[in-house]
Amino acid sequence: MAAKASFLDRGGEVATWQPRALGARAAASTNWPAVTWGSSSIRIYVEHVSSTIKRTPAGDVTEERLKVWTTASIAQDDLITYKGDDYLVETEPEADTESRFRGATEYVTATLVKES
Amino acid sequence: MAATDPRTTIKSIVDVYLVGTPITKDDGVTPASTISLWEGGPETIKFLFDTALFDVIITFGDPRTRSSRPDQDVPTYFHMVYPIVVTTVDKYTAGVLVCTAARMQHTARLAIRAAIAGSAQSAPAGVPAYTLRIEEESSGHRWTGGIHIWESTYRATYQWI
């Protein structure tokens, strides 16, 4: 494994990655597909990005965003449970490659938004 | 809930019509792959068009409602306007354009109009009683998220008595 990736896997913090899978269309009215979640333990590096308050008629909600670096193959709309809270992978992860010309992915980075 | 929810009723009307008279591709013969959904589902546009390989996406959105009661002792009528949005993109097979987005929009327009007109009012003694018509249509296209999409919005008025 290349140096960058091994460093990320040795350090960082432990989190639970829940990859999203879309199943068969089950809901009769909406015709939406069923959504299921996997679960595995991954290591991530986290940087706090922002925290803002949004006001709705039903009450306030805090919008908290983190940036993560990980070697796991996270995808947009996956969930990551970090320190007991669920975060949604909000943006399509960007891959950093070992070499521009070899193209092997070293790690990915994405923005998470706190769901709970 | 399903029996009285107007959005489900309208979607069912369109679905039944499309089973019997499907939207066709450019050749006018081959049925297009059509999906009808409630708005706000978990899938992305690119997934539906590129992975699930649908040619036409029809979504049913949330209503805007106003009530009217013109005279005393006349029941209150609720005019519920439901948006039906038809989304298409240009689709190619082996480099050949088989679904022209704008042409598919016209074919879908004929289908939506016929479906709604064919169920313009509820069955006699139906519960709830309603009349249904297309009040307004608007069309356009835009470039978003790296894809060029054509959208037509049909505002179907469901008058709930």
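Me: Helices (H or I, at least four residues) and strands (E, at least two) are DSSP runs, numbered from the N terminus. Where does Ala94(B) lie by that naming?

Reply: Ala94(B) is in the loop between strand E5 (91–93) and strand E6 (96–99) of chain B. The model is predicted, so local features need pLDDT of at least 70 and side-chain atom pairs pLDDT 80 or more, while totals for chains, interfaces and linings use all residues; side-chain values use heavy atoms, without hydrogens and water. Residues are numbered from 1 along each chain as its sequence is written, and chains are lettered from A and ligands numbered from 1 in the order in which they are written.

Me: Why is Ala94(B) called exposed?

Reply: Buried means under 20% relative accessible area, exposed over 50%, and partly exposed in between (1.4 Å probe, protein chains only). Ala94(B) has 78%, so the word is exposed. Its phi is near 50 degrees, a positive value in a residue other than glycine.

Me: And why does Asn31(A) count as buried?

Reply: Asn31(A) has 19% relative accessibility, so it counts as buried. Asn31(A) is in the loop between strand E2 (20–25) and strand E3 (33–37) of chain A, and its phi, near 65 degrees, is positive in a residue other than glycine.

Me: Which elements do the buried residues of H1(B) pack against?

Reply: They pack against strand E1 (34–38), E2, E4, H3, E7 and E8 of chain B. Ile10(B), Val14(B) and Leu18(B) are among these buried residues.

Me: What makes a set of residues a nonpolar core?

Reply: The set must hold buried Ala, Val, Leu, Ile, Met, Phe, Trp, Tyr and Cys residues joined through side-chain atoms within 4.5 Å. The largest such core has 25 residues, and Ile10(B), Val14(B) and Ile112(B) are among those with the most contacts inside it. Helix H1 (6–20) and helix H3 (101–118) of chain B are among the elements that each supply at least two of its residues. H3(B) gives the largest share, 6 residues.

Me: Which residues does Ile112(B) touch?

Reply: Contact means heavy atoms within 4.5 Å. Not counting residues up to four places away in sequence, Ile112(B) touches Val14(B), Ile58(B), Ile84(B), Val86(B), Ile134(B) and Tyr154(B).
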